Amino acid sequence: MKGKLEPSERQKLVEEGKNLKEGLMTLEEDLVKLTDELQQEAQFIPNMTHPDVPIGDEDSSVIRKMVGSPREFSFPVKDHVQLGKELDLFDFDAAAEVSGSKFYYLKNEAVLLEMALINWTLSEVVKRGFTLLTTPEIVRSSVVEKCGFQPRGTNTQVYSIKDSDQCLIGTAEIPVGGIHMDSILPNSSLPHKYAAFSHCFRTEAGAAGAATRGLYRVHQFSKVELFVLCRPEESNAYHEELITIEEDLFSSLGLHFKTLDMASGDLGAPAYRKFDVEAWMPGLGRYGEISSASNCTDYQSRRLGIRYRPVDPASLNNNSPKKGKSNAGPTQFVHTLNATACAIPRMIVCILENYQQEDGSVAIPAPLRPFMGGLEVIAPRPR
């Protein structure tokens with residue numbers, strides 16, 4: 001085009017250039033579409049599993065630890081719904097009118113109990129080196145997907161906001177996972193240990209039956225979530241640390257519970273290995289899940305783009321590195337782990353049902369009393 005050309009030849013080349021440009025635009029549009037489709041398909045591929053994970057469905061899960069034993073009662077046991085009604089702690093009917101089923105109002109001492117559980121849990125995990133956070137409770141759909149959840153699929157647990165690319169969070173794991181998105185973390189800064197308080201929102205699609213009544217399965221609840229970003233070789237150790245913290249917290253509240261190594265069929269897509277804690281709920285007459293701790297290895301960090309730059313061991317043997325040379329090796333993806341320190345509604349279920357007394361009152365576990373102004377008992381109100 002820059003040389004001397006006949007007008008007809010030049011026009012021919014101009015037309016060819018236009019065609020190439022239009023063809024390129026079409027290819028770029030196809031590439032974006034195919035990239036999105038590939039991403040959607042890739043999201044159906046779960047993480048690998050730890051070699052020790054039991055193979056099978058949930059019934060194949062293995063008990064790791066049993067703590068305490070069920071309390072023996074000398075009087076008829078009530079469930080938390082009946083206790084809450086008699087002690088004026090909940091209002092499910094008004095919440096159903098205002099918001100729909102599986103919502104609730106907490107009242108009176110139940111409000112103090114929620115605040116006590118939150119503040120006690122945060123005070124305990126701070127002692128273990130966790131940085132406290134409150135998080136956004138609306139996040140971009142892309143962040144939800146990168147954390148391994150399906151915001152738009154059938155039977156999704158995620159509430160999506162209409163006409164936007166945003167969702168309500170189902171766990172603080174999602175916004176905490178995104179806090180270092182697209183970052184290269186200094187090796188010296190690892191691990192990052194966070195304890196995040198948030199409200200959580202879940203559709204609970206498909207959930208029904210007597211086992212889900214009351215506070216056990218609801219659409220909105222408060223939770224303290226633990227989240228760790230660490231070097232790959234340390235993630236198994238931090239997984240053990242997280243489950244130990246959970247067990248210590250629940251033991252100090254005097255709960256009877258079992259810890260399970262969950263079978264492969266019960267692992268969510270991000271989890272390499274997951275330990276669940278199921279506490280005895282005498283009013284419901286069964287164990288109910290109150291917590292879990294998962295090692296997600298680099299499943300989330302690859303999608304979120306969270307890396308670190310490890311020290312090159314070879315350079316450490318060189319006492320006089322050349323000027324301008326660093327000790328850093330190539331970047332690697334961090335490992336991420338998450339654990340529920342305290343999911344408020346189910347903890348309230350456990351406390352009410354396990355600490356109920358014959359006169360209809362409920363004793364407050366000793367560790368929580370300082371956080372409830374010294375209150376020791378939730379007693380029936382005079383009629």
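User: Before we start, what makes a residue buried, partly exposed or exposed?

Analyst: Buried means under 20% relative accessible area, exposed means over 50%, and partly exposed is in between (1.4 Å probe, protein chains only). This is a predicted model, where local features need pLDDT of at least 70, side-chain atom pairs count only at pLDDT 80 or more, and totals for chains, interfaces and linings use all residues. Residues are numbered from 1 along each chain as its sequence is written, and side-chain values use heavy atoms, with hydrogens and water left out.

User: Okay, why is Asp59 called exposed?

Analyst: Asp59 has 72% relative accessibility, and exposed means over 50%, so Asp59 counts as exposed. You'll find Asp59 in the loop between helix 1 (7-42) and strand 1 (62-67).

User: And what about Asp163, why is that one exposed?

Analyst: Its relative accessible area is 75%, so Asp163 is exposed too. Asp163 sits in the loop between helix 5 (141-146) and strand 6 (166-168), and its phi is near 60 degrees, a positive value in a residue other than glycine.

User: Why is Asn108 called partly exposed?

Analyst: Asn108 has a relative accessible area of 36%.

User: What makes the pair Glu246 and Ser291 a polar contact?

Analyst: Their side chains are joined at 2.7 Å. A polar contact is a pair of N or O atoms within 3.5 Å; within protein, one must be able to donate a hydrogen and the other to accept it, and residues adjacent in sequence count only if both atoms are side-chain atoms.

Methods
Helices (H or I, at least four residues) and strands (E, at least two) are DSSP runs, numbered from the N terminus.
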